[in-house]
Structure formats: C-alpha cells, structure tokens
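Visitor: Hi, I have a new model open and would like to walk through it with you. Shall we take it bit by bit?

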Amino acid sequence: MNRTVKITQAGISILPHVREIFNQEEIIKQKARELVDLEFGLIKIGCFPSFIAKLLPGLIKKYNEMFPKIEFHVFEGDYNDIIEWVKEGSVDFGISINSSELIFEPLIHDSMLVVMSESHPLRDSPVVTIKDIATEPYIIRLLLVR
C-alpha cells in the first residue's frame with residue numbers, strides 16, 4: 001500500500017509561522033548557552049522600586065555566588081519605562097508587568113490587597129477585580145526595606 005501525506009491549505013497558511021517559532025526557539029537556546037558560558041560581563045536590568053528593594057538583592061547575590069565576575073547595573077523606573085528600555089535595548093531584560101509588546105515570562109505571582117471601609121459596596125465581594133475598582137480613588141504605599 002502506497003501512502004502519501006499532503007499538506008492542506010490551512011497547513012500552508014500557518015507553515016511560515018511554525019517555522020518562525022522553531023527558528024526563535026533555536027535562537028533562545030543559543031542565547032541561553034551563551035549566558036551559561038558567560039564568565040564575566042555586564043548585565044543591565046530594568047526594574048521597579050519595590051522589586052529592587054525586596055527581591056533583587058537576594059537574586060543578584062545568588063547569581064554572583066555562581067558567577068562572581070558578572071557585574072549588574074540596575075535601572076529603576078516605572079512599568080512603562082521598563083518596557084521602553086527593553087524595546088530600545090537600553091537594558092538586557094526588565095522586571096515589570098505583562099506587556100503585549102514583548103515576550104513575557106512570569107517570575108512570581110504576587111497578590112494585591114484592597115482595603116476599604118465597612119460601608120463600601122464591594123465589602124462582601126469574595127473577589128474584587130481591577131475592573132471593579134478602576135474608577136475608585138486610591139492610596140498606594142510602598143514599604144521599602146533598608
């Protein structure tokens with residue numbers, strides 16, 4: 001029995017995209033190998049203040065224990081600054097919120113708390129979404145660890 005496989009029209013239309021995905025995967029693997037083999041150099045990170053204050057020092061310390069000749073330059077900014085720095089290549093990577101403009105890989109899942117008066121209409125809601133509070137006035141307080 002002679003069997004042949006033939007690509008469908010739908011397959012033809014997505015084939016260039018599939019090839020691009022595999023190509024990007026190879027590029028990522030190559031870049032990762034280059035970073036693993038990196039003995040000395042400079043890594044520029046864009047980051048927001050609370051992450052810099054609470055989590056980044058410990059991560060840099062652990063990395064420096066494995067790669068002591070790597071130097072870090074940390075650029076502090078807001079989420080939009082960080083996204084722009086990554087897009088323009090001013091930093092090697094950024095720690096920020098999700099952006100549809102860039103490849104995003106979650107590092108941690110962080111919860112946020114909403115504090116409201118006992119008379120607030122959302123008081124008894126088991127879950128409060130960003131949409132629920134989008135028009136509410138708010139106060140934000142960042143606690144910096146020294």
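Predicted model: local features only at pLDDT ≥ 70, side-chain atom pairs only at ≥ 80, totals over all residues.

Visitor: What do the side chains of glutamate 84 and lysine 87 form?

Guide: They meet in a salt bridge, at 3.2 Å from N to O. Both residues sit in helix α4, which covers residues 79-88, and they are 3 residues apart, so about one helical turn separates them.

Visitor: How many salt bridges does the structure hold?

Guide: There are 3 of them. One is between arginine 123 and aspartate 124, whose side chains meet at 3.6 Å, N to O. Salt bridges that share partners join Glu84, Lys87 and Glu101 into one network.

Visitor: How do arginine 123 and aspartate 124 count, exposed or partly exposed?

Guide: Arginine 123 is partly exposed, with a relative accessible area of 47%. Aspartate 124 counts as exposed, because its relative accessibility is 65% and the cut-off for exposed is over 50%.

Visitor: Back to α4, then. Which of its residues are buried?

Guide: The buried residues of α4 are Ile82, Ile83 and Trp85. Looking down the helix axis, they fall within an arc of 160°, so they line one face of α4.

Visitor: What do those buried residues pack against?

Guide: They pack against β1 (41-47), β2 (70-76) and β3.

Visitor: Which exposed residues are on the face turned away from the buried side?

Guide: That face of α4 carries Asn80 and Glu88.

Visitor: What caps the N-terminal end of α4?

Guide: Aspartate 78 does, with a side-chain oxygen 3.0 Å from the backbone nitrogen of asparagine 80. Just after α4, glycine 89 takes a positive phi of about 85°.

Visitor: New topic: which residues form a nonpolar patch on the surface?

Guide: Leu55, Leu59, Leu107 and Ile108 form one, and together they have about 390 Å² of accessible area. Isoleucine 108 lies in the loop between β3 (93-95) and α5 (130-133). With 49% relative accessibility, isoleucine 108 counts as partly exposed.

Visitor: Zooming out, how many helices and strands are in the chain?

Guide: The chain has 5 helices and 3 strands. Along the sequence, they follow the pattern α-β-α-α-β-α-β-α.

Visitor: What share of the chain is buried?

Guide: Of the 146 residues, 15% are buried. The accessible surface of the chain comes to about 12,900 Å², and 59% of that belongs to carbon and sulfur atoms.

Visitor: And what about contacts between residues at least 6 apart in sequence: what share joins residues at least 24 apart?

Guide: Among those contacts, 58% join residues at least 24 apart.

Conventions: Residues numbered from 1 in each chain as written. Heavy atoms only, no water. Patch = residues over 30% accessible without salt bridge, like charges linked within 9 Å, V, L, I, M, F, W, Y side chains within 5 Å. Areas by Shrake-Rupley, 256 points an atom, 1.4 Å probe, with all protein chains shown as cover. Salt bridge = Lys/Arg side-chain N within 4 Å of Asp/Glu carboxyl O. Helix = DSSP H or I, 4+ residues; strand = E, 2+ residues; numbered from the N terminus. Buried < 20%, exposed > 50% of the residue type's maximum accessible area, 1.4 Å probe, protein only. Arc of directions from axis to C-beta. Contact = heavy atoms within 4.5 Å. Polar contact = N/O pair within 3.5 Å; in protein donor to acceptor, adjacent residues only side chain to side chain.
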